[in-house]
Every structure is written in C-alpha cells, then in structure tokens.
Amino acid sequence: MKQTRIRLFGSVLMIIIIPMALFILGVWKNSDSYLTTQVFISGIAVLVIVAFSMAFWFYGAVILPLERLEQAMREIKNGNFDAPLNTEDVSSEMRGLMDDFEEMRLRLKENQEEKQKADSDAKEFLSNITHDLKTPITSIKGYVEGIQDGVASSPAQMDRYIRTIYNKANEMDHLIDELTFYTKIDANRIPYHFAILPAAQFFADCAEDLRLETEAQGFLFSYAAALGSEVRIIADAEQMRRVINNIISNSIKYCDKKPGQIRMRVMDDGDFVRVELSDNGPGISKQQLPYVFERFFRADEARSFKGGSGIGLSIVKKIIEDHGGRVWARSEPGKGMTILFSLRKHMEDMT
C-alpha cells in the first residue's frame, strides 16, 4: 500500500504540474518583457503550491480511506470481524463506500456468530440425545439380562421388569420423536392440521391423560377450568398435546419435592383462552426467566445431569407462535414454575 500511495501522490503532482509548467515555459520563451517573466515565475510558484495542496487533498480524501479499507479487508481475511472501520474524518465522497463496507463487516460478523452458535447448539443437542438414548438402552439391557439370568423369579418381579423395559422404550421413542421434530423445526416443515376445537372438552381430555401419566409417576395432579362450553379455538390437536406434554415433562424432570405437584388451569381471558401449567419444583430466578424458551437453556449446571434434549420448551414456543398465540413463564426460586400460553378464540365466539 505504501508504494501505491507514493505512486498515486506522484501521479497527481505530475498530472497537474507538467502540463502547466510546459504551458508557462512556452509563453515565457516567447515573451521579452522582464515583468512578464516575473509574473510567470510567480505563476509557476502558485501552481506548484496549488498542485501540492490538491495532491495532499487527494491523499487525505482518497488514498488514506483506501488504505483503511485495505487494512479492514486484511482483518476480515484473517478471520477478525471485530475491527471497526473509522469513517469520522473521511470525505463524503468516500464515506458512502466505507459505510457500506462497515455494514458488510457487521453482517459477516453476525453470520459468523450465528454459525458458531448453531454449531455449538448442534453439538450440545447431539451430546444430549446420545447421553439420553444410552441411559434407557443401558437400563433395558440390564433388565433383559436379569430376566435371562433368572433374577426375576416371581411373576410380580417379571411384571415389574417388563413394565420398566416398556417405560424405557417409551423414553427412547419420545427422544427419537423429539429429534425428528427438531429437524422439522430447522427446516420449517412442521406439519399442521388445524381444526375448530371445543376448548373446554379438548383441554379436559388432555387433563385426564395427564392425570393418568403424572399419578403413575407419583405426582399429585389437579385440574380446574372456567370456560364456557361454547368457546372454540382453531388449533392442531396433536401439536397442542405436544405443547402440554413437553411442559409437563419438563416439570416432572426437574421436580425435587415429594410429592411432586402438577396443576393445570384453563380460563376465559376475553378474546383468548389462557392455559396455566404449574409445578412445585425448584423454580428459577427472574433473571433467567427470559431464556427458558431458548434451545438448550438450563438454569444451572445441575440440570444438565437430569437429561433431556434441551429443546422441549423451545418447541413449545414455536408451536404456540405458529398458532398465533403467546407463551410466557412465571417463577421464583424454591416456589416452582408456571408456564402460561394463550390462544385466540375462534372468531365466531367474538361476534
């Protein structure tokens, strides 16, 4: 760049000085007047000053900005996207170009950060899935070996072993289903089948299924609804059940109290139907609440040992938003967590 700068500087001087000097020299040779000679000599001095002034202007307005651009491009080439391009003392002629370059740098930096986060998330997801698939497989192998070795000698023991194997197989099936759904989210290919559903009946059926599932795992379940039988919602029944199951699975996974409690409430909220799912688990701090629906978020390191893919609540957020609804959370440390979501009523109910 230094050699280029010198060449440009010299070229500007030559382009300005040489033609003018030749012109003045020709006039001077054809002049006999001493005064005229002095005037033309003074003119040459003025032209030299003007030429150097223009050359310095050109240096500051063009060469220096180009030198900064070259340095910025070298930083990007070396993988450094954190070096901002200074445009404060740049002429308006070059500022537009440099502003465009700075915008490009910021976009490249953003894309790089997104790619790094996506790679990190993918590795963590793969690690979580691998760990969580290995755990039930190990248990299944252990119980099968127990059956083969005759450890389960009574019908009651055999029944317990088989039931445990069945439950572990269901865990694996759930993880594989979650992995499949995760790939559909990334490709934005979630299959929705929307229908008009009677809200009170639909959520009552969901609650009955939850009661059987949670009580089988030693939890106390309660359900309350304040919703008219005429209220309808437009929703995909299968995906809405996925939402509720993911929230409850998250509560069961992290609940640290005996007995664990799960509460479900459904209520009329004006133009919306609001659903609340609460537990009496450890809860999280207010500072962490905004991140609970992000992929792979865990409130503390201890939760990493609980297993799970880490995308359950992010799936909840995606499905609810695709339904045109909203989801949020309330929690206090030691007082459990409540996940709430609202769905707009069918328009007929609003007339």
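**Group meeting: a sheet and its helices**

Let's start at a hairpin. Strands S6 and S7 form it, with five residues between the strands, and there glycine 334 takes a positive phi near 85 degrees. Helices and strands here are DSSP runs, numbered from the N terminus: H or I of at least four residues for helices, E of at least two for strands.

A word on the source. This is a predicted model, where local features need pLDDT of at least 70 and side-chain atom pairs count only at pLDDT 80 or more, while totals for chains, interfaces and linings use all residues. Residues are numbered from 1 along each chain as its sequence is written, and side-chain values use heavy atoms, leaving out hydrogens and water.

How confident is the predictor? pLDDT is its confidence in each residue, from 0 to 100. The chain averages 78, and 72% of the residues score at least 70. Over residues 301-307, pLDDT stays under 50. For that stretch the model has twelve contacts beyond four places in sequence. Contact means heavy atoms within 4.5 Å.

S6 and S7 (residues 337-344) run antiparallel, joined by six bridges. Alanine 329 has isoleucine 339 in S7 as its bridge partner. Valine 327 stands opposite phenylalanine 341 in S7.

Now the whole sheet. In what order do the five strands come? S2-S4-S5-S7-S6, in an open sheet with mixed pairing. Two strands pair if DSSP finds at least two bridges between them. At the edges are S2 (220-226) and S6 (326-331), each pairing on one side only. Neighbouring strands are turned by 15 degrees against each other on average, direction ignored.

Next, helices on the sheet. H5 (residues 199-216) lies across S2, S4 (261-269), S5 (272-279) and S7, running at about 175 degrees to S2. H7 lies across S6 and S7, at about 140 degrees to S6. Axes are lines fitted to C-alpha atoms, for helices over the stretch in contact, and angles run from 0 to 180 degrees between N-to-C directions.

Then, helix on helix. H6 (residues 237-254) and H7 (residues 312-322) pack at about 150 degrees, with axes 9 Å apart. That makes H6 roughly antiparallel to H7, a term for angles over 145 degrees. Which residues of H6 meet H7? Gln239, Met240, Arg242, Val243, Asn246, Ile247 and Asn250. Their partners in H7 are Gly312, Leu313, Ile315, Val316, Ile319 and Ile320. By class, this contact of H6 with H7 has eight nonpolar, four polar and one charged residues. Nonpolar means Ala, Val, Leu, Ile, Met, Phe, Trp, Tyr, Cys and Pro; charged means Asp, Glu, Lys and Arg; the others, Gly among them, are polar.

Last pair. H5 and H6 pack at about 35 degrees, axes 11 Å apart. Their contact has nine nonpolar, two polar and four charged residues.

How values were computed: Angles under 35 degrees count as roughly parallel, over 145 as roughly antiparallel, 65 to 115 as roughly perpendicular and the rest as oblique. pLDDT is the predictor's confidence in each residue, from 0 to 100.
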